[in-house]
Amino acid sequence: MNVWRKLSGPRRAVALAGASALVAGGLVTIPVTAAHAATQCDVSYTTNDWQGGFTANITIRNIGDPLTSWSLGFTFPDANQRVTQGWSARWSQSGRNVTAQNESYNGSLARGASTTIGFNGSWSGSNPRPTSFTINGVTCNGGTPPTTAPPTTSPPTSTPPTTAPPPTTAPPPTTTPPPAGAKVDNPYLNARGYVNPEWKVKAESVSGGNRVSNTPTGVWLDRIAAINGTADSQSNGPMGLRDHLDEALRQNAQYIQVVIYNLPGRDCSALASNGELKADELPRYKAEYIDPIAAIQADAKYRNLRIINIIEIDSLPNLVTNTTGNAGGTVMCDTVKANGAYVQGVGYALAKLGAISNVYNYIDAGHHGWLGWDTNFGPSAGVLREAAGASGSTVANVHGFIVNTANYSALREPYAKVTDSVNGQTVRQSKWIDWNYYNDELSFAQAFRQELINRGFDRNIGMLIDTSRNGWGGSARPTAAGPTTSVDAYIDGGRVDRRIHKGNWCNQAGAGLGERPKAAPEAGIDAYVWIKPPGESDGSSREIPNNDGKGFDRMCDPTYTGNARNGNNRSGALADAPISGAWFPAQFAELMRNAYPPLS
Ligand code: BGC
């Protein structure tokens, strides 16, 4: 796999205007159901609206382990919605986020018990209901149902203050807990991830590797043979998809991450991760690759495991940035654009896999150093939207998107913001930023999420950021911004991402392990994840004959002096690398040395 950006000049501002159709207010009952193994909840939210104001009654039912205290959280969809006066809980609001903490007398909720709280609020424009609720940080919308049926909701135990308009008599919630495996809002939240034993063995073969070897990493199905396991490939071991899923059950894992990576004409703009299927082999992709994967993932025995599919790294944005007319456009990208292999292939994967109730699809969405210019940003979101509607799929099959997969872009640049200026000049004109609108992955991921929602994806989509190799720690990490003598001195002196050029993508020297996987770390981000297994090569540094279809890409050769797509810079790649996917212990040792946060 590989990625680079297209060369760019100054661009117009990216349109990030808010979107989304809002549901009208009124009496609504939202049966929001259960969450997670231990904490499970069912929330009904009803309102009685009048012009500019409303009363909300909320019944919280505990359908998980007994609670001694609780904190209800939800987000108003509209910025003008406010809680003005609440009862039966301690209410607070920050921006759109509302929190209600139990009073001393209603904190204890046995399994099956419920309590009703409420508030008076104000609105203008419209009064849409919140779309999800959390109890003690756990989303109330899915998970394993309790083994004993919860009792019917008890009537509200509190009454609103007399100043409040009369509350609506809400019908008791009719919801029942979701079937096993129903989708939750964030499959990573409070969930334990699957540790790939094949990667763990490799990680522990390098001194100090045991410090990170229990980290969940992606299971890459990078060829048809990987579905059943293939001992002779360099990137997969004998474990096939079923073996991994069975092992996940044995580990009591709650989620597993599977990388779907075998499109016809794969990696159309590079050579290092070319695959087995030719550009015209879409029928084989469907019948021999996606169908068997879907059959295995749909096995009822895995219904309580959240299966997270990472869909086709680097594929769709290539149709925007690496076709003819772009610097370095390739014939293969033209071909797979013209014959629909990528769009139809991704649509087919989404439709087949998304139909399974415990499967979560996240489509790859490039990274900021590739799509952060507005010529690439909006059009790439457009192609993603097109694919989500292809081959019978709908946007409902898309749970979210992932950025920075197998790339090295820093999560945050603490000393170099894209909005900074030096001596009156914007740092966007520095060589490093080169007029990009973003300078790190977090800000890009959040903005791209909004663009995707604007283009018709669900407002609840979440983003993932692959932080496996974007740590940039070690002794060379800057601790302050650079000197203000010029935009370049300022940016180059202070940036933590120390690549020679943002377009460099292969086995980058100086990189380190990034943030360890973490659920819900920032607004709009479902998780930081390790999808590229650290220590597996991005491509060979010289030609190595192989039976895996892998080519030799000069971007993996440390002596290469570059091309138009990386500004004719050196590749920054480590020497002596094996083919993509093969174990590269020297790289793993360096990634540990330069980890950020550092390893103890
Ligand atoms: C390779 C795959 C490999 C994956 C994970 C990709 O670059 O092409 O074969 O499974 O990386 O290391």
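**Entry 1: the model**

I am working with a predicted model. I kept that in mind for each entry below.

**Entry 2: strand β13**

I started with strand β13, residues 359-364. How many of its residues are buried? I found that 6 of the 6 are, so the strand is largely enclosed by the rest of the structure.

Next I looked at the two faces of β13 in turn. On one side I found Val359, Asn361 and Ile363, and on the other Tyr360, Tyr362 and Asp364. They are all buried, so both faces are covered.

Then I looked up the neighbours of β13. Strand β12, residues 306-311, runs parallel to β13 and is joined to it by 5 bridges. Here Ile310 stands opposite Tyr362 of β13. Strand β14, residues 400-403, also pairs with β13 in the parallel sense, over 3 bridges. In that pairing, Ile363 has Phe401 of β14 as its bridge partner.

**Entry 3: the disulfides**

How many disulfides does the structure hold? I noted 3.

My first stop was Cys41 and Cys140, whose sulfur atoms are 2.0 Å apart. The angle about their S-S bond is -100°, and the link is left-handed. Cys41 sits in strand β1 (residues 41-50) and Cys140 in the loop between β9 and α1, so this pair ties together parts that are 99 residues apart in sequence. Are these two cysteines buried or exposed? Cys41 has a relative accessible area of 1% and is buried. Cys140, at 0%, counts as buried too.

I moved on to Cys268 and Cys333, a disulfide with its sulfur atoms 2.0 Å apart. The torsion about the S-S bond is about 90°, so this disulfide is right-handed. Cys268 lies in the loop between β11 and α4, while Cys333 belongs to helix α6 (residues 331-338), so the link bridges parts 65 residues apart in sequence. Both Cys268 and Cys333 are buried.

That left Cys506 and Cys556, joined with an S to S distance of 2.1 Å. With a torsion of about 95°, this disulfide is right-handed. Both cysteines are in loops: Cys506 between α11 and β18, Cys556 between β19 and α12. The parts they tie together are 50 residues apart in sequence. I found both Cys506 and Cys556 buried.

To finish the entry, I numbered the bonded cysteines of the protein chain in sequence order. The pairing reads 1-2, 3-4, 5-6.

**Entry 4: the annotated residues**

Which residues does UniProt list for "active site"? The record, an unreviewed entry, gives Asp267, Asp314 and Asp538. They span 272 residues in sequence, yet no two of their C-alpha atoms are more than 13.2 Å apart, so they gather at one spot.

I then looked at two of them more carefully. Asp314 is in the loop between β12 and α5. With a relative accessible area of 2%, Asp314 is buried.

Asp538 has its place in the loop between β19 and α12. Asp538 counts as buried, at 1% relative accessibility. What does its side chain touch? I found a polar contact of 2.6 Å between the side chains of Asp538 and Tyr408.

How values were computed
Residues are numbered from 1 along each chain as its sequence is written. This is a predicted model: local features need pLDDT of at least 70, side-chain atom pairs count only at pLDDT 80 or more; totals for chains, interfaces and linings use all residues. Side-chain values use heavy atoms; hydrogens and water are left out. Buried means under 20% relative accessible area, exposed over 50%, partly exposed in between (1.4 Å probe, protein chains only). Helices (H or I, at least four residues) and strands (E, at least two) are DSSP runs, numbered from the N terminus. Two strands pair if DSSP finds at least two bridges between them. A disulfide is a pair of cysteine sulfur atoms within 2.5 Å. UniProt positions are given in the numbering used here, feature names are shortened, and annotations may be inferred rather than shown by experiment. A polar contact is a pair of N or O atoms within 3.5 Å; within protein, one must be able to donate a hydrogen and the other to accept it, and residues adjacent in sequence count only if both atoms are side-chain atoms.
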